Amino acid sequence: MKFLSLSFCCFLSLSAICQISFQNASFEGQPQDATTPVGWHPCASGTTPDILPGHWGVYLEASEGETFMGLITRDDGSWESVGQRLSTPLEKGECYKFSVDLAHSDTYAEYNFPLKLRIWAGTTTCSRQQLLAESEVIKHEEWERYEFAFFAKQQYQYIIFEASYIDGVYFNYKGNILLDNLSVIRKCHRAHLEGPQLAPNKG
């Protein structure tokens, strides 16, 4: 029994080493506008994310926990993004995967057009050195789960989640995207692709 217990503990330890956790992965906090959730920091000029629901006409229930985060783009060409230092660096040459719940609101004050989510990695706070993944345009008003896989080109300590305009639209517009329930980042058995994933799997 002692051997089995020790083996089980070793298995749990190795499992923990093979995954990277986020701080405040479900963006919990007191609902309020223009507030960055605890554990996250702004990564673009003018970034004032909202902890929702209950503000700006957004009353969708959180997919996990009590609150979620809203990011917007503006018609002056600015956008919002947040980031954090990872608990363990992404390793060069490794494949990783994780998932997040995404949605859109048609009643986000005047910021009602759909957006995409871009995910960046860097070696310093808020540096955008590799585009790890990019979602499809998020138009649905209910939560849907998206899984992303990516290949790290070098070691990265920081990650960024960025609201992004739709490709091919030649004007800036007011849009929103909602995020909740980030999973841990786990290693893949192999790299699925060599560039950012443009068509994530829905769960």
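User: What percentage of the residues of the protein chain count as buried?
Analyst: Of the 203 residues in the protein chain, 46% count as buried, where buried means under 20% relative accessible area, exposed means over 50%, and partly exposed lies in between (1.4 Å probe, protein chains only). Please keep in mind that this is a predicted model, in which local features need pLDDT of at least 70 and side-chain atom pairs count only at pLDDT 80 or more, while totals for chains, interfaces and linings use all residues. Residues are numbered from 1 along each chain as its sequence is written, and side-chain values use heavy atoms, with hydrogens and water left out.

User: OK, and how many helices and strands are there?
Analyst: The secondary structure of the protein chain comes to 1 helix and 14 strands, counted as DSSP runs numbered from the N terminus, with at least four residues for helices (H or I) and at least two for strands (E).

User: Which residue is the bridge partner of His-41 in E5?
Analyst: The partner of His-41 there is Gly-83, and E2 and E5 pair in the antiparallel sense over 2 bridges.

User: Switching to E4: is it mostly covered or mostly open?
Analyst: Strand E4, residues 68–73, is mostly covered, since 6 of its 6 residues are buried. Phe-68, Gly-70 and Ile-72 point one way from the strand, whereas Met-69, Leu-71 and Thr-73 point the other way, and all are buried.

User: Which strands are joined to E4 by bridges?
Analyst: Strand E3 (residues 50–52) is joined to E4 by 3 bridges and runs antiparallel to it, with Gly-70 as the bridge partner of Asp-50. Strand E12 (residues 175–180) is joined to E4 by 5 bridges, also antiparallel, and there Ile-177 stands opposite Leu-71.

User: Which residues touch the most other members in the largest nonpolar core?
Analyst: That core has 34 residues, and those touching the most other members are Phe-22, Leu-90, Phe-98, Ile-119, Phe-161, Leu-179 and Ile-185. A nonpolar core here is a set of buried Ala, Val, Leu, Ile, Met, Phe, Trp, Tyr and Cys residues joined through side-chain atoms within 4.5 Å. Another core, of 11 residues, lies apart from it and includes Leu-60, Ala-62, Phe-68 and Trp-143.

User: And what does Phe-22 touch?
Analyst: Leaving aside residues up to four places away in sequence, Phe-22 touches Trp-40, Gln-84, Leu-86, Phe-98, Ile-159, Phe-161, Leu-182, Ser-183 and Ile-185, a contact being heavy atoms within 4.5 Å.

User: Last topic: how many disulfides does a search of the whole structure find?
Analyst: The search finds 1 disulfide, that is, a pair of cysteine sulfur atoms within 2.5 Å, and the disulfide joins Cys-43 to Cys-126 with an S to S distance of 2.1 Å. The pair links distant parts of the chain, 83 residues apart, with Cys-43 in the loop between E2 and E3 and Cys-126 in the loop between E8 and E9.

User: Why is the disulfide left-handed?
Analyst: The torsion about the S-S bond of Cys-43 and Cys-126 is about -75 degrees, so the disulfide is left-handed.

User: Are those two cysteines buried or exposed?
Analyst: Cys-43 is buried, with a relative accessible area of 15%, whereas Cys-126 is partly exposed, with a relative accessible area of 21%.

Technical notes. Pairing = 2+ DSSP bridges.
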